[in-house]
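Dear colleague,

Please find the structure below, together with the sequence.

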Amino acid sequence: MNEKEPIGVVGVGWVGLVTAACFAELGHPVVAREIVAEKVEALERGEVPIHEPGLPELIERNRERLTFTTELEPLLEPARLIFVCVQTPPTHSGDADLSAVTGASEEIGDAEGKALVMKSTVPVGTGRTIHRGFPGLAYVSCPEFLREGTAVRDFMEPDRVVVGADPGDEWAADAVAGIYEPLGAPIVRTDVSSAEMIKLASNAFLATKISFINEIANVCDEVGADVTEVARGMGMDERIGPKFLNAGLGFGGSCFPKDTQALKMLAGNIGYHFQLLSSVIEVNELQKRRVTSKLTKHLGSLEGKRIALLGLAFKPDTDDMREASSLVLASRLEGEGATVVAYDPVAAGVASALLPTVEMADSAMDALDGVDAAVLVTDWPEFGKLDWAEAAGRMGNPLLVDGRNFLDPEDLFSAGFTYEGIGRPGVEAEKPAKAS
Ligand code: UGA
């Protein structure tokens, strides 16, 4: 017999599916509603529509506690707490598109004794607006801090859980806090607007850290310092910390680009120019393009050159191509007249629709065959295990630009490569690359 609180989840995207599966793992019966019927059918057949390590096993293990449906009724009936996990993509103006959030709130309506628990990332003020529209429905802001690729672990071992509610909705905040209690993480109880801001500010700060170290890397490139050493030394200061100090081709994905833009717009809409965030976004845009100059330094014009991209997804362990640096980079290289061939262990299918002119290879070695240069775009672990000496032999010209500072320059040098990282001194192969 299951005595744990039944939970409703609205929206079975990345966050919704991980949330539903993890609550089931904690012993709760979960009813998850998704409007796309094919997704529900696939989940019922046991197919998991996204690539997220550990998630298929979790869903399989908790099948009897997990119900997927296209209707809202089967969820509203048992559950007091309804976790809204729908998308809030950017609009043309850069503001968050709240149509799915508004739609879900209207469907749930003024259900007395129930609480809408917002997991979607929304602008500050959204909770108060929804609450004004449906005063009988309790409202809790419980933002998510999951990372794609490690979402299950992030859910089960959070650094903190944020639970925001306004006066009158304490019962709902208590209930949400109670559900997370077994995880043993600190629970930040606050008001709705502050909870909404904690989420946006956290993502904006992490994005700032990345753009900051990328700018340091760009200066390192000019002065001969090694940004990986700089980050190591900086990160030992507890006030700074070592995480999110990896310089590279910039941040992508469905969150940082959208949320930094949304926070900038939120501030702009009330007349405040968020100068720092504007720079963070601009630095990131330029960072994706820096590789071309590293290639031309060795190859001269890229016209007619064949370049391999190793990795396409915005980060490893995901097939997500949203705002991936590879999209900008591939187009940039093609704009310079190069032919682009790419390999990604899981994102090639999604990527081929977005990059129709890029040739997709079946393996890293195949991608490297005869190319003038390769760019490591995504730090997939398998690239660390590649036989780089063999790769050098397969390539027309063994030049590698390591866009994630993932490989050891000395190893690549021993394998016969000319190596360029981002903000670290490169090494030139003994037989220099031929410039055309
Ligand atoms: C991010 C946040 O880390 C999560 O806490 C948050 O819940 C999520 O957004 C969200 O709002 O939904 P995610 O986008 O999945 O998670 O991935 P991250 O691991 O944060 O990486 C984002 C991007 O930054 C990637 O392109 C990654 O390659 C890049 N990055 C990350 C760097 O360039 N350098 C670093 O040091 C770290």
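**Loop residues with positive phi**

Glutamate 323 lies in the loop that runs between strand 9 and helix 14; helices (H or I, at least four residues) and strands (E, at least two) are DSSP runs, numbered from the N terminus. This is a predicted model, in which local features need pLDDT of at least 70 and side-chain atom pairs count only at pLDDT 80 or more, while totals for chains, interfaces and linings use all residues. Residues are numbered from 1 along each chain as its sequence is written, and side-chain values use heavy atoms, with hydrogens and water left out.

Phi of glutamate 323 is positive, near 55 degrees, although the residue is not a glycine. With 41% relative accessibility, glutamate 323 counts as partly exposed; buried means under 20% relative accessible area, exposed over 50%, and partly exposed in between (1.4 Å probe, protein chains only). Asparagine 405, also not a glycine, has a positive phi of about 45 degrees. Asparagine 405 belongs to the loop between strand 13 (399–402) and helix 19 (409–414) and is buried, its relative accessible area being 12%.

**Helix 14 and what follows**

Helix 14 covers residues 325–335, and its buried residues are Ser325, Ser326, Val328, Leu329, Ala330 and Leu333. Among the elements that cover them are helix 13 (290–299), strand 9 (306–310), strand 10 (339–343) and strand 12 (373–376). Glycine 337 follows helix 14 and has a positive phi, near 95 degrees.

Alanine 338 is located in the loop between helix 14 and strand 10. Its relative accessibility is 7%, so alanine 338 counts as buried. Apart from neighbours within four places in sequence, alanine 338 is in contact (heavy atoms within 4.5 Å) with Leu302, Lys305, Ile307 and Leu333. The C-alpha atom of alanine 338 is separated by 31 Å from that of glutamate 148, the two residues being 190 residues apart along the chain.

**The ligand**

Around the ligand there are 20 residues, the closest being Leu146, Glu148, Lys199, Asn203 and Cys255; a residue is counted here if one of its heavy atoms lies within 4 Å of the molecule. This shell is made up of nine nonpolar, four polar and seven charged residues. Ala, Val, Leu, Ile, Met, Phe, Trp, Tyr, Cys and Pro count as nonpolar, Asp, Glu, Lys and Arg as charged, and the others, Gly among them, as polar. Helix 9 (192–223) and helix 11 (256–269) each supply at least two residues of the shell, and the largest share, three residues, comes from helix 9.

- a polar backbone atom of glutamate 148, at 2.7 Å;
- a polar side-chain atom of lysine 199, at 2.6 Å;
- an N or O atom in the side chain of lysine 315, at 2.8 Å.

On its own the ligand has 710 Å² of accessible area, of which the protein covers 91% (Shrake-Rupley method with a 1.4 Å probe; for residues, only the protein chains shown count as cover).

**Serine 120**

Serine 120 sits in the loop between strand 5 (115–118) and helix 6 (126–133). Serine 120 has 9% relative accessibility and therefore counts as buried. Its side chain reaches the backbone oxygen of valine 86 at 2.6 Å.

**Confidence**

The mean pLDDT (the predictor's confidence in each residue, from 0 to 100) of the protein is 95, and 98% of its residues reach 70 or more. Over residues 432–436, pLDDT stays under 50.

With kind regards

How values were computed
A polar contact is a pair of N or O atoms within 3.5 Å; within protein, one must be able to donate a hydrogen and the other to accept it, and residues adjacent in sequence count only if both atoms are side-chain atoms.
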